[in-house]
Amino acid sequence: MITIKNLTKSFGAQTVLKDISMQIPKGLTTAIVGPSGTGKSVLVKLITGLLQADSGEILIGNRSMTDAKSVDERLDICSTMGVLFQSAALFDSLSLIENVAFPLTYRRKDSREEVYTKSAKLLKDVGLSEYESYLPGEVSIGMRKRVGIARALVTEPEFIFFDEPNTGLDPKVGQEIYELIASLQEVNSFTGVVISHEIPEVFQICHKIVMLYQGKVQFDGSIDEFVDNDNQIVKQFYNGEIEGPISIA
Ligand SMILES: Nc1ncnc2c1ncn2[C@@H]1O[C@H](COP(=O)(O)OP(=O)(O)O)[C@@H](O)[C@H]1O
Ligand SMILES: [Mg+2]
């Protein structure tokens, strides 16, 4: 479980997250939704230690990311987490299998043979075993996302974050990515967090929804509660309406 308590983060005069609290339950997938620019990616970066909070607490299991005393301690907590970044963020000059292998190579725990075996298995799990030696520039965006997913899973982390896993993909490929995440979750039973602004597509892979808007948690509950909710902000977002409290930039 991940527990977030009274978390606040500002950039200069702009407060992106205002005193937010939530729980991300173990072994399930939680969707964090909301319009663009509401701090979803910032939240993931705070949880995964890429950004530092101004105040509040983040507990990963029973360990505090916000109270970690040293870089080593933070890195140790980070080793329990995998991330698929919004743009996949592959290394352009490394082959697909080298990209998947990167977290294993970096942590230096496994022999070269083990690194290869684990990376090849993950590339196979995401349907790309034929493409081991291709470079990211030689394959489609959907394939690059699959490589990003394989890389996020290769260290068998307990927590995996998928930031907008199907942004920039056509609907069919986006759907395949969701199905891939759902099947990997079933097999590996990790605790998943999927960031998305795609309603209702994301419902098919999540067990719980948290909605952010204007730096606040507007909703935290089940899909049924989300669909049948009286909060005008939730309603407008769910129905994709132009009129309402959410201002469309
Ligand atoms: N490193 C940063 N420095 C300054 N502003 C940032 C930084 N990262 C994000 N922001 C701002 O924080 C807000 C939320 O961004 P983000 O979390 O990326 O939104 P989204 O919900 O679309 O993922 C945006 O206004 C963005 O410009
Ligand atoms: Mg984002």
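Two strands count as paired if DSSP finds at least two bridges between them. Strands S7 and S8 of this predicted model meet that criterion, with 5 bridges joining S7 (residues 159–163) to S8 (residues 191–196). The two strands run parallel. One bridge can be named: aspartate 163 has isoleucine 195 as its partner in S8.

S7 and S8 belong to an open sheet of 6 strands. The strand order is S6-S7-S8-S3-S9-S10, and the pairing is mixed. S6 (81–84) and S10 (216–221) form the edges, each pairing on one side only. From one strand to the next, the twist averages 15 degrees.

A helix covers part of this sheet. H5 lies across S6 and S7. Its direction makes an angle of about 175 degrees with S6.

H5 also packs against another helix. Its partner is H3 (residues 96–107), while H5 itself spans residues 141–153. The angle between them is about 30 degrees, and their axes lie 7 Å apart. Angles under 35 degrees count as roughly parallel, so H3 and H5 are roughly parallel to each other. The crossing of H3 past H5 is right-handed. Which residues make the contact? H3 supplies Leu96, Asn99, Val100, Phe102 and Pro103. H5 supplies Val147, Ala150 and Arg151. By class, the contact has 6 nonpolar residues, 1 polar and 1 charged.

Now turn to other strand pairings. Strands of a sheet pair through backbone hydrogen bonds, either parallel or antiparallel. S1 (residues 2–11) and S4 (residues 55–60) take the antiparallel sense, over 5 bridges. Within this pair, threonine 3 is bridged to leucine 59 of S4. S4 is also joined to S5 (residues 63–64) by 2 bridges, again antiparallel. Here isoleucine 60 has arginine 63 of S5 as its bridge partner. S4 and S5 form a hairpin with 2 residues between the strands. In that hairpin, glycine 61 takes a positive phi near 65 degrees.

The ligand site comes last. What surrounds ligand 1? The shell consists of Phe11, Val16, Gly34, Ser36, Gly37, Thr38, Gly39, Lys40, Ser41 and Val42. Helix H1 (residues 40–47) gives the most to this shell, with 3 residues. How do the shell residues divide by class? There are 3 nonpolar, 6 polar and 1 charged.

Conventions. Residues numbered from 1 in each chain as written. Chains lettered and ligands numbered in written order. Predicted model: local features only at pLDDT ≥ 70, side-chain atom pairs only at ≥ 80, totals over all residues. Near = placed C-beta within 6 Å. Helix = DSSP H or I, 4+ residues; strand = E, 2+ residues; numbered from the N terminus. Nonpolar A, V, L, I, M, F, W, Y, C, P; charged D, E, K, R; others polar. Axes fitted to C-alpha atoms, helices over the stretch in contact; angles between N-to-C directions. Parallel < 35°, antiparallel > 145°, perpendicular 65-115°, else oblique. Left-handed = near helix turned anticlockwise from the far one by under 90°. Contact = placed C-beta atoms within 7 Å.
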